[in-house]
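Here is a structure to look at, followed by some questions about the terms used to describe it.

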Amino acid sequence: MAGGQCSKAGEITVSITASDYPVQVADLSVSFNGTQVLQEISFELEKGSLIGVIGPNGAGKSSVLKHLSGYLPDSKGRVRLFGEPVSELPAHQRATLLSYLPQINRVEFPYKVSELVSLGLMNHHTLTKDDKKRRIKGALTRLNIQHLEDRRVNELSGGEQQLVHLARILLQDTPVILLDEPCASLDIGHEGQLMNILYSLAQEGKTVLVALHNLNTAAEFCDRLLLLNKGQLVADGMPSSILTQQQIQQIYPYEVKVSTNVSTGNPNILAVKRESY
């Protein structure tokens with residue numbers, strides 16, 4: 001976004017200023033039912049980067065994304081989107097700046113794929129009907145799921161549904177994109193396709209934050225990694241500095257082997273086979 005813009009919703013006027021760091025998090029702490037989920041987490045997300053959030057189950061990855069999206073209100077600390085508290089942005093304003101794909105996206109109603117994907121265009125009011133059709137077809141083609149256009153979403157596999165939801169995110173076309181484990185239901189081919197698309201979006205200048213369990217995928221595609229453990233941000237940096245034998249062994253409870261991918265020079269992480277367990 002170049003320059004600045006203002007918009008008014010009721011009595012609320014929101015000023016959005018361009019920044020190299022569209023997302024800023026300061027001392028974010030969250031508790032649920034007396035349990036500390038996030039503890040004084042601080043970081044900034046730079047424009048034009050693909051950033052991975054990694055960590056074991058229960059580390060707080062989903063909680064971070066939910067608070068960044070405004071899905072959950074701030075507890076303690078601050079989450080700012082283009083300089084404004086994300087919780088204070090009107091919903092329609094937030095939808096033009098940020099898109100969020102949660103971990104679970106079950107669809108029970110028999111929407112057509114094209115109908116569900118079209119929801120990504122709700123804030124694009126100036127588009128004609130033909131423009132919308134072209135954009136929908138373009139998003140489906142980019143993900144190689146154009147053959148699903150007239151299928152019912154609730155009849156698709158989990159992996160196919162995930163790609164449909166991603167097509168909706170692509171159409172929303174926001175400068176900040178948050179994705180919570182988007183590869184969980186995908187085979188290795190579609191995982192590679194998805195990550196290459198996310199990487200290309202970052203190259204186009206978007207800020208993409210993605211929660212990942214596959215550390216090798218994180219190592220190959222992400223410019224930067226945020227490593228969470230027990231609700232704390234324990235490391236923040238390039239994959240080569242985060243995915244070390246010592247660091248991974250401290251965080252993950254089972255033995256792993258960290259080596260170097262001879263083709264790319266990035267870290268390669270494998271579980272160690274044991275004779276007995």
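Q: What share of the 277 residues of the protein chain counts as buried?
A: In this predicted model, side-chain atom pairs count only at pLDDT 80 or more and local features need pLDDT of at least 70, while totals for chains, interfaces and linings use all residues. Residues are numbered from 1 along each chain as its sequence is written, and side-chain values use heavy atoms, with hydrogens and water left out. Buried means under 20% relative accessible area (1.4 Å probe, protein chains only). By that cut-off, 46% of the 277 residues are buried.

Q: What makes a set of residues a nonpolar core?
A: Its members are buried Ala, Val, Leu, Ile, Met, Phe, Trp, Tyr and Cys residues joined through side-chain atoms within 4.5 Å. The largest such core has 52 residues, and Leu50, Leu198 and Leu243 have the most contacts inside it. A second, separate core has 29 residues, including Leu38 and Leu81.

Q: Which residues is leucine 50 in contact with, leaving aside its neighbours within four places in sequence?
A: Contact means heavy atoms within 4.5 Å. Among the partners of leucine 50 are Met195, Leu198, Phe221 and Arg224.

Q: What share of contacts between residues at least 6 apart in sequence joins residues at least 24 apart?
A: In the protein chain that share is 64%.

Technical notes
Buried means under 20% relative accessible area, exposed over 50%, partly exposed in between (1.4 Å probe, protein chains only).
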